[in-house]
Amino acid sequence: MITAYVFQANKLSIVELNIRDSVPEGTLWLDLYKPEDDEREWLRGYSVEELPDEEDINEIEASARFYQNKDGLHINSLFPQRVGQDVKGVNVSFNLRPQFLVTLREDDVGLIRLLRNYLRLGRLEVQTPQALFLELFNLKVDYLSDLIEDVYSVLDSVGEQVFESSELDDVFKLITLQEDSNGKIRLSLLDTQRSLRYMQRYYRGKLTDEDLKDLREMLSDIESLMPHSQFIFDKLNFLLDAAMGFSGLQQNKIIKIFSVAAVIFLPPTVIASAYGMNFANMPELEWQWGYPMAIMMMIGSAASTYFFFKRKGWL
């Protein structure tokens, strides 16, 4: 699907294009979502260099994610996407040209939908591709900040559940899930930082004062969010250690109960074993009160062992 965002007469309009259409005059942004082969071929008619494919967009090498050619500046950036309780990263390819911005993506991105709504409602005033690019990244930084706050709130509730033995399984699942989410958030922060710095170098001396101010503020915000992300990692490790320690303590209590029970019933077992022998010369076997005496000896030995442990504070 090809969507053109056209800025004419101080008014922005959104136009759906097909391969038979030409790029409208005044186009500020061309967004290609899950482009098919014929749509890619259509875009090649407006490009000098080869277009990146899905494999190129998902490359992790800096040379593949940030580069420039005759079509302008190319940046492949990782965008966070909330999926239930999980966070996943979606790569989007940006091509900043003097005339317009081109985006290629294979997945739906919530922030792009949000930017689209803002543009439709007139909540954003952008007149250049660079300003539009920066607005989208500004939304991205704000969203990453919100995701970090969400992780904070979840960890607060997890901290209260760590010492509830009935909820340990849920605690371990939550800690693992939040660790994975925080890792993806931090990766997206680092990727955004690299993208903005590369853009800053490319457009050195060419950005307006307002765009340059926005770019520097975003870099400053990212610098301030990085320690928060590291703090979450530290807190996650602490909660994981605490949960594992408490789980081990609960297991030790169970093992202790079995150990004490075995020791308490050891003297009665010795007595019962002695009177279970089949030697001929055992006078007690002929006594009338021999059986009650053996029972009382077993009960007394178990009780004395229990009270001895109790007095020592081992129970």
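1. In residues 254–277 the end C-alpha atoms lie 34 Å apart, and the span is 83% helix and 0% strand. For residues 289–309 the corresponding end-to-end separation is 30 Å, with 95% helix and 0% strand. Both stretches, 254–277 and 289–309, carry the UniProt annotation "transmembrane region", taken from an unreviewed entry; UniProt positions are given in the numbering used here, feature names are shortened, and annotations may be inferred rather than shown by experiment. Helices (H or I, at least four residues) and strands (E, at least two) are DSSP runs, numbered from the N terminus.

2. This is a predicted model, in which local features need pLDDT of at least 70 and side-chain atom pairs count only at pLDDT 80 or more, while totals for chains, interfaces and linings use all residues. Residues are numbered from 1 along each chain as its sequence is written, and side-chain values use heavy atoms, with hydrogens and water left out.

3. The axes of helix 8 (residues 266–274) and helix 9 (residues 290–312) come within 7 Å and cross at roughly 160°, where axes are lines fitted to C-alpha atoms, for helices over the stretch in contact, and angles run from 0 to 180 degrees between N-to-C directions. Helix 8 and helix 9 are therefore roughly antiparallel to each other, given that angles under 35 degrees count as roughly parallel, over 145 as roughly antiparallel, 65 to 115 as roughly perpendicular and the rest as oblique. The crossing of helix 8 past helix 9 is right-handed, that is, the near helix is turned clockwise from the far one by less than a right angle.

4. Which residues make this contact? Helix 8 contributes P267, P268, I271 and A272, and helix 9 contributes A294, M297, M298, S301, A302 and T305, contact meaning heavy atoms within 4.5 Å. These residues divide into 8 nonpolar, 2 polar and no charged, where Ala, Val, Leu, Ile, Met, Phe, Trp, Tyr, Cys and Pro count as nonpolar, Asp, Glu, Lys and Arg as charged, and the others, Gly among them, as polar.

5. N182 has its place in helix 6 (residues 168–202) and is buried, with a relative accessible area of 0%; buried means under 20% relative accessible area, exposed over 50%, and partly exposed in between (1.4 Å probe, protein chains only). Not counting residues up to four places away in sequence, N182 touches S229, I232, F233 and L236.

6. Y203 lies in the loop between helix 6 and helix 7 (209–264), and at 8% relative accessibility Y203 counts as buried. Once residues up to four places away in sequence are set aside, Y203 touches L73, L96 and Q130.

7. V23, in the loop between strand 2 (11–17) and strand 3, is buried at a relative accessible area of 18%. Its contacts, not counting residues up to four places away in sequence, are with L30, W42, Y46 and F100.

8. S13 lies in strand 2 and is partly exposed, with a relative accessible area of 33%. Leaving aside neighbours within four places in sequence, S13 is in contact with A4, Y5 and V6. S13 and R120 are 107 residues apart in sequence, and their C-alpha atoms are 7.3 Å apart in space.

9. One backbone angle deserves a remark. Most residues other than glycine have a negative phi. Phi of K34, however, is near 50°, a positive value in a residue other than glycine. K34 is found in the loop between strand 3 (27–33) and helix 1 (37–44), and K34 is partly exposed, with a relative accessible area of 46%.
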